[in-house]
Amino acid sequence: MFIGDLDKVVNLLLSLSGRLARVENALNNLDDSASPGDRQSLLEKQRVLVQQHEDAKELKENLDRRERVVFDILASYLSDESLADYEYFVKMKSALIIEQRELEDKIHLGEEQLKCLVDSLQPERSK
């Protein structure tokens, strides 16, 4: 259960961080012609996402406490080598989830850039 919860909480934190960054970028890129309603809507989204992110960080802190409890329990059942393997697995699980998300973001960005490039070449092909 702990490993499944770790996966979910790390993905939640990554998702909320990404969404919050996009909202903050949108706020920073608003020009003077943007309606006050647009700005207010983005500010409200930002407020909600900041609160959700704080809640997710609290979940992660609780999960970290659970990790120590699980480790202490496993220490009485596993050999030192197996316990070290488990500890390494837990550390790598989070790192690999983060790396996977970064790679997915890079793939998505590359696909968007490719689409924009293809779209920009379409008018030239019809000439």
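How much accessible surface does the protein have, and what percentage of it belongs to carbon and sulfur atoms?

1. Surface and basis of the notes. The accessible surface of the protein comes to about 9600 Å², and 55% of it belongs to carbon and sulfur atoms; accessible areas are from the Shrake-Rupley method with a 1.4 Å probe, and for residues only the protein chains shown count as cover. This is a predicted model, in which local features need pLDDT of at least 70 and side-chain atom pairs count only at pLDDT 80 or more, while totals for chains, interfaces and linings use all residues. Residues are numbered from 1 along each chain as its sequence is written, and side-chain values use heavy atoms, with hydrogens and water left out.

2. Overall fold. The protein has 3 helices and 0 strands, and its elements run α-α-α from the N terminus on; helices (H or I, at least four residues) and strands (E, at least two) are DSSP runs, numbered from the N terminus. The radius of gyration is 22 Å, well over the 14 Å that the globule rule gives for 127 residues, so the protein is more spread out than a compact globule. That radius is taken over C-alpha atoms, and the globule rule is 2.2 Å times the number of residues to the power 0.38. Taken along the principal axes, the C-alpha atoms fill a box of roughly 70 × 40 × 20 Å.

3. Of the 127 residues, 15% count as buried, where buried means under 20% relative accessible area, exposed over 50%, and partly exposed in between (1.4 Å probe, protein chains only). Among contacts (heavy atoms within 4.5 Å) between residues at least 6 apart in sequence, 72% join residues at least 24 apart.

4. The nonpolar core. The largest nonpolar core has 16 residues, and those with the most contacts inside it are Phe-2, Leu-6, Val-23, Leu-49, Leu-63 and Val-90. Helix 1 (2-29), helix 2 and helix 3 (80-125) each supply at least two residues of this core, and the largest share, 9 residues, comes from helix 1. A nonpolar core is here a set of buried Ala, Val, Leu, Ile, Met, Phe, Trp, Tyr and Cys residues joined through side-chain atoms within 4.5 Å. Leaving aside neighbours within four places in sequence, Val-23 is in contact with Leu-42, Lys-45, Gln-46 and Leu-49.

5. A buried histidine. His-53 is found in helix 2 and, at 16% relative accessibility, counts as buried. Not counting residues up to four places away in sequence, His-53 touches Leu-13, Leu-16 and Ser-17.

6. Salt bridges. A search of the whole structure finds 5 salt bridges, each being a side-chain nitrogen of Lys or Arg within 4 Å of a carboxyl oxygen of Asp or Glu. Side chains of opposite charge can pair when their charged atoms come close. In helix 2, Glu-44 and Arg-47 lie 3 residues apart, about one turn of the helix, and their side chains meet in a salt bridge at 2.7 Å, N to O; Glu-44 is partly exposed at 36% relative accessible area, and Arg-47 is partly exposed at 49%. Also in helix 2, Asp-64 and Lys-60 are 4 residues apart, about one turn, and form a salt bridge at 2.6 Å, N to O, with Asp-64 partly exposed at 24% relative accessibility.

7. Lys-115 forms a salt bridge with Asp-119, the closest N and O atoms being 2.8 Å apart. Because Lys-115 and Asp-119 are 4 residues apart in helix 3, they are separated by about one helical turn. Lys-115 counts as exposed at 53% relative accessibility, whereas Asp-119 is partly exposed at 40%.

8. A nonpolar surface patch. Val-69, Ile-73, Tyr-77 and Leu-78 make a nonpolar surface patch of about 420 Å². Patches are made of residues with over 30% relative accessible area and no salt bridge, with like charges joined within 9 Å and nonpolar side chains (Val, Leu, Ile, Met, Phe, Trp, Tyr) within 5 Å. Ile-73 is found in helix 2 (residues 36-75) and is partly exposed, with a relative accessible area of 47%.

9. The loop between helix 1 and helix 2. Ser-33 is found in this loop and is exposed, with a relative accessible area of 64%. The C-alpha atoms of Ser-33 and Asp-85, which are 52 residues apart along the chain, are separated by 57 Å.
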